[in-house]
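Hi,

Here is the structure for your files.

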Amino acid sequence: MKGMKLYIVIIGILCLSAGCDKNFEKINTNPVLPSSLDPAYLLAQAELNASWNSGTITYQSAIVRHTMHPFLGVLAGGNVNQKNPAVERMLWDQYYPLVRNLVDIVDKTHDDTARFNLYQMARIWKAYVFQVLTDTYGDIPYAQAGNAFLESQYFPEYDKQQDIYNDLLREVDEAVNALDPSRATEKNELFYNGDIGKWKRFGNSLLLRIAMRLSRVDAAKARTYAAKAFQGGVMTSNADNCLMQHSATYTNAFGNQLNGSEKANYYLNDMLVNNLKSGNDPRLQVIAVIYGDATKDPAQTTQDKDPAHQIGMPTGYDNTTIPTAPGYPGSLYKYSQIDRLTLGNITAPCFHITYAQTSLLLAEAAQKGWITADAAMLYQQGVTAHMQQLAIYGGTAVIPDNTITAYWATHAYNPAAAVEQINTQYWIASLMNGIEAYANWRRTGYPVIPANTYATQDIPRGASIRRLRYPDTEISLNTQHYNDALSRQGADELNIRMWWDVQ
């Protein structure tokens, strides 16, 4: 038997040396599997898969009091200031694969003159993705991230958040200025169909957002880059909004959460409802609805959209203690929820950066004297833009122009309280984008959010969640670099502030 095996091996060797490799490559190549991929499709994938995951409604939206969910266990998070590792890691697990693809695009196109604009688009979107990551976790893998395949860097170093921000400003500034409408564009990307003018305005709006994040830690640099963004040209209408459309095939993760098995678990927070209600804000009727008692109407088809009837759920309670809350309406199901026919629809878009947010940031920059512009006009422009932006949700989400005009008769800009007024409106305009509302609240302190009074918390009472914790896999697999980050930033805890969060 051993002799037979040896004979077979020898015959095999002779066969290879004698030319048995004829058609070897053809035989061993999958005829339907692509051997290379157009980098434009990688950009489209990085755009498509950046829509918010359900974890952001568990943490960020709850922390800033947009939403409230009284149930614990797998839903514990910002509602009760508790750790939830499976949810905390969701953004990390979602966004670092996007980094990998974006790094690949940059590598493939940086010397390709035919893909010059694609190279700049990838740099801009990569900066956006990294800002979301660092705003969520603090120090993160940045310079070496996404290089496992290209440079065999499987355990990337963590960069300081300050260094990351400095490089984001440089990258976006350079890429926006380099975008060239006279060169070939990229029709396969999903945000703007390759429109270079819109990409420039989007890029400058991102540059403004990055710059304003530094307003308390490096005001000089924030002022310089905010002025650059303004002069370069930011978003000028809702047609410039950076958003991902969804459909019945590719659905909105929030919509899935709010329309699926969790439909009776998420409510609007009383802080948001009371703010809109006290100001006779027409957006409340678009946003809020009270559904029928789920115990008697499982499909929750009964709807009450009357603004006067809306009741937000207070923070500090769970499903067993909520009956002790002041003004308890007699049933959990009589609290207001997000309208599932508009903002909570499975086909609702995901907004990343909007004209409304951009106008409000410009209003703050103008109020600080960083740009030469009318702060009051920009403030009104931003709020109006958000009211008009809601129309994209369809159905009853359209706010008539005369209603918007009537709103301004009793809501004048107040220079004496401008920063609070502007950023409270930014908080409202960032509804359904808890990531950005949470970051801007940490930057400015507005709106003023009272301490969470829930009995059992994983942070000191009276403190707030300032970041999410790193995934456990980083502790076990990238231990040295994880520990290096902690030695600079502080313990891997929910209440540890990051570099720019000094308010």
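Predicted model: local features only at pLDDT ≥ 70, side-chain atom pairs only at ≥ 80, totals over all residues.

Residues are numbered from 1 along each chain as its sequence is written, and side-chain values use heavy atoms, without hydrogens and water.

Domains first. The assignment (bounds from an automatic or database source) gives domain 1 (39-234 + 434-489), domain 2 (255-338) and domain 3 (354-432).

The C-alpha centres of domain 2 and domain 3 are 25 Å apart. Their contact (heavy atoms within 4.5 Å) takes 13 residues from domain 2 and 16 residues from domain 3. Together they bury about 1200 Å², with 78% of it on carbon and sulfur atoms. Buried area is the accessible area (1.4 Å probe) lost on putting two parts together, summed over both. On the domain 2 side, Pro282, Arg283 and Val286 supply 49% of the area buried against domain 3, more than any other three residues.

The interface of domain 2 and domain 3 has 0 salt bridges (Lys or Arg side-chain nitrogen within 4 Å of an Asp or Glu carboxyl oxygen).

Now Thr324. Thr324 counts as exposed because its relative accessibility is 60% (exposed is over 50%, buried under 20%, partly exposed in between; 1.4 Å probe, protein chains only). Thr324 and Glu47 are 277 residues apart in sequence and 45 Å apart in space, C-alpha to C-alpha.

Best regards
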